[in-house]
Every structure is written in C-alpha cells, then in structure tokens.
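Here is a short briefing on one protein model. Please have the sequence and the structure open as you read.

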Amino acid sequence: MNDTATTADSTAASAPDLAAVRVALIGAGNMGGPVGRAMLAAGVRPAHLRIANSTPASSERAAAELGATAAASRAEAVAEADVVVLGVKPYQILDLVAELRDELPAGTLVLSLAAGTTLARIEEALGGDCAAARAMPNTPIAVGEGAVGLMRGSAVTDAQHALLHALFARAGAVVDIIEQQVHAFIGAAGSLPAFVFTLIEAMTDEAVRLGLKRDLAATLVQQTVRGAATMLSESGTHPAVAKNAVSSPGGTTVQGLAALEREGVRAGVAAAMAAAAETSRAMSGD
Ligand SMILES: NC(=O)c1ccc[n+]([C@@H]2O[C@H](COP(=O)([O-])OP(=O)(O)OC[C@H]3O[C@@H](n4cnc5c(N)ncnc54)[C@H](OP(=O)(O)O)[C@@H]3O)[C@@H](O)[C@H]2O)c1
C-alpha cells in the first residue's frame, strides 16, 4: 500500500495509481454500496475492494451486486487495506473503530461516511497509528452525479488526501469542507435529493391531474428539472436572471411564479434544509 501514498507524496502532481490501492468496505448498504461502486468506476480493482457486511451471506450478496470481493470477516477485509471505508450506521461507528484498531495496518486511512460522529471522536477511538477522514456523499453518486464533501483529519497526508479525491473522481462533484460546514452540507446536498424527489413527485402528480399520462408526465418533469440545472451550471446564469428572462408581463410563467410564492414554496424548501442541518448539528453534539 502505502507505496501509493509515498509515490504521491514525492510527486504531488501525479495521480494515484488506483489499480494498486486496496479498499475495505465495512457496510455496503444504501450509501456504502454506491461509494464502493464509484470507487470501482474510478479504477479500484474488484479483487482489491473487499466487503464485510454484518454476515458473510450479506457480504457475498453485496459483493456480487457491486462486482467486488466478499471478505470472510471484518478482520480479513481490513488486512492490507490502504483505505477502510466505514458505511455502518452512525451509532455503530465508534464501537467498530475500537474493534478494528488493532487489526488495521499502520498508516491505514479510515474513511467514515457517518453523519454525526466527529473526526475528533473517531481519531480518539482509533489511537495513534492510522489517519481518519470523513466523506459526506449523497445518493446520486450512484449515477456519477452526486456531491461529496470531504473532511480531512489531522493525520491525513497530502498523498492520502489526493487518494480520496481520486477514489471519488467518478462520483460527481467532490469538494473539501471543514467539519463545521458539514451541517450546511447535509442541508444543501446530503439530504437534498430527498427534497428534490418530493418536489418532482408533486410536479408529476400535478401534471397527471392536468391531463398528461403518468409516464409522459414523469419524462417531462425529470427532463425539465435536469435541463434547468444543466442550463444554470453551464451558463453560470443567476437563477433569478434565468427566471426573469422567461416571465412576460401578465403571462403564464409569471402567474405561476406568483402562485409559487403565495404558497410559500421558498420558505418550505428553506425550512426543510434548515431542519436537516439542525438535526445533523444535534447528532454531532455541536
Ligand atoms: N443514506 C444516505 O443518504 C446517507 C448519506 C450520507 C451518509 N450516510 C451515512 O451512511 C451510513 C450508512 O447508512 P445507510 O443508509 O447506507 O445504512 P444501511 O443501508 O442500513 O447500511 C448499513 C450497512 O452496514 C452493515 N452493517 C451493519 N452492522 C455491521 C457490522 N457490525 N459489521 C459490518 N457491517 C455492518 C449492513 O450490513 P447488513 O445489510 O448485512 O446488515 C449494511 O450493509 C450512515 O452512517 C449514514 O450516516 C447515509
């Protein structure tokens, strides 16, 4: 392993060789699974991505689904690992780290996906020989269009940090954040897909009520949401400018926009994001 780290340290500009990197994924569930898939897409070899779920049968199932390798035990998964990804529930993280700490090769990077458990607590449970980082992904990483916030622990080397970016290169937008920003990140990205799914569901239902067949309604709404987001990101246009450009005096769009504001959609969306961020803050004890 840590060959990769050494190489990247000495040649900061060169990309890490992911074909040589060994990853253990402890907990390949709703979030760990897509993270594993993104790492395979980025270039980790299937034989080098070893999965340990709560039972061997579950590990086999997840490995077959992802095209990775099942480990017989957590200890077997982490032996020789460069990166150990923890995809278990937040309440399990510290016990799992305490259980694994004596099994981890020195210099291993432990990457927690969990909300609410801080780097300081993970580092304390880990002891001195390994580095810890956190990644806050969202579910659209499953289609390469997600967002990932990376938080770097105090012992993470530049090479390990570059390795994390390389591992998530096919996940979507990958950004470095400081830990205090994670609550805002959860409101703005981690939990946001569920809010967008709800808005898409509401728009599709209304399109059906207005007379369109459901499959046509779903296609039109999804394409329009995707197209509107792509238009903003590709042009750099401010959303208010784009909105005003399609609002003719007394026309259909401006009447619809006025109804949207009267019904409090803007305040509702803000409240949902704030509730997610506040809950994250409470879980972290911040
Ligand atoms: N879901 C999201 O949108 C999201 C977003 C960002 C971060 N996260 C974080 O991702 C983490 C996982 O959440 P999730 O939604 O993916 O949960 P999940 O679907 O329930 O997955 C949990 C995984 O952990 C495994 N597991 C449970 N106990 C284990 C043990 N003792 N040893 C090894 N593996 C064990 C489970 O295996 P079995 O199936 O065999 O029980 C399962 O594969 C959480 O910490 C959460 O904060 C989730």
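Glutamate 80 counts as exposed, at 55% relative accessibility. Its side chain meets that of arginine 22 in a salt bridge, at 3.8 Å from N to O. The model is a predicted one.

**Salt bridges**

- Glutamate 80 sits in the loop between α4 (74-78) and β4 (83-86), and arginine 22 in the loop between α1 (3-10) and β1, so the bridge ties together parts that are 58 residues apart in sequence.
- Arginine 22 counts as partly exposed, with 32% relative accessibility.
- Another salt bridge joins the side chains of arginine 50 and glutamate 76, at 3.3 Å from N to O.
- This pair also links distant parts of the chain: arginine 50 belongs to strand β2 (residues 49-52) and glutamate 76 to helix α4, 26 residues apart.
- Arginine 50 is partly exposed, because its relative accessible area of 26% falls between the 20% and 50% cut-offs.
- Glutamate 76 is partly exposed as well, at 31%.
- Glutamate 261 and arginine 266 form a salt bridge, with 3.0 Å between the closest N and O atoms.
- In that pair, glutamate 261 is partly exposed, with a relative accessible area of 43%.

**Overall build**

- The protein has 13 helices and 8 strands.
- Its C-alpha atoms fill a box of roughly 70 × 40 × 35 Å along the principal axes.
- Of the 286 residues, 38% count as buried.
- Among contacts with a separation of 6 or more, 61% are between residues 24 or more positions apart.
- Two domains are assigned: domain 1 spans 3-179 and domain 2 spans 192-284.
- The centres of domain 1 and domain 2, taken over C-alpha atoms, are separated by 34 Å.

- In soluble globular proteins, nonpolar side chains tend to be buried together.
- How many residues does the largest nonpolar core have? It has 36.
- Val23, Met39, Val85, Leu111, Leu167 and Phe168 have the most contacts inside that core.
- Apart from this core lies another, of 33 residues, which includes Ala77, Val110, Met136 and Ile177.
- Methionine 39 touches Val23, Val44, Val85, Leu111, Leu167 and Phe168, leaving aside residues up to four places away in sequence.
- Leu167 is also one of the buried residues of helix α7.
- Helix α7 covers residues 158-167 and is mostly covered, with 7 of its 10 residues buried.
- The buried residues in α7 are Ala159, Gln160, His161, Leu163, Leu164, Ala166 and Leu167.

**Annotated binding site**

- UniProt, in an unreviewed entry, lists Ile26, Gly27, Ala28, Gly29, Asn30 and Met31 under "binding site".
- Which of these residues are included in the lining of the second largest pocket? Gly29, Asn30 and Met31 are.
- Glycine 29 lies in the loop between β1 (23-26) and α2 (32-42).
- Asparagine 30 is found in the loop between β1 and α2.
- Is glycine 29 partly exposed or exposed? Glycine 29 is partly exposed, with a relative accessible area of 39%.
- Asparagine 30 is exposed, because its relative accessible area of 73% is over the 50% cut-off.

**Annotated domains**

- The unreviewed UniProt entry carries the annotation "domain: Pyrroline-5-carboxylate reductase catalytic N-terminal" over residues 22-116.
- Over residues 22-116 the chain is 37% helix and 19% strand.
- The end C-alpha atoms of that stretch are 27 Å apart.
- A further annotation from the UniProt record (unreviewed entry), "domain: Pyrroline-5-carboxylate reductase dimerisation", covers residues 179-283.
- Residues 179-283 are 82% helix and 0% strand.
- The end C-alpha atoms of residues 179-283 are 13 Å apart.

Note on methods. Residues numbered from 1 in each chain as written. Predicted model: local features only at pLDDT ≥ 70, side-chain atom pairs only at ≥ 80, totals over all residues. Heavy atoms only, no water. Buried < 20%, exposed > 50% of the residue type's maximum accessible area, 1.4 Å probe, protein only. Helix = DSSP H or I, 4+ residues; strand = E, 2+ residues; numbered from the N terminus. Core = buried A, V, L, I, M, F, W, Y, C linked by side-chain atoms within 4.5 Å. Contact = heavy atoms within 4.5 Å. Domains from an automatic or database assignment. UniProt positions renumbered as here; feature names shortened; annotations may be inferred. 1 Å grid on protein atoms, 1.4 Å probe; cavity = no way out; pocket = protein on both sides within 12 Å on 5 of 7 lines; lining within 4 Å. Salt bridge = Lys/Arg side-chain N within 4 Å of Asp/Glu carboxyl O.
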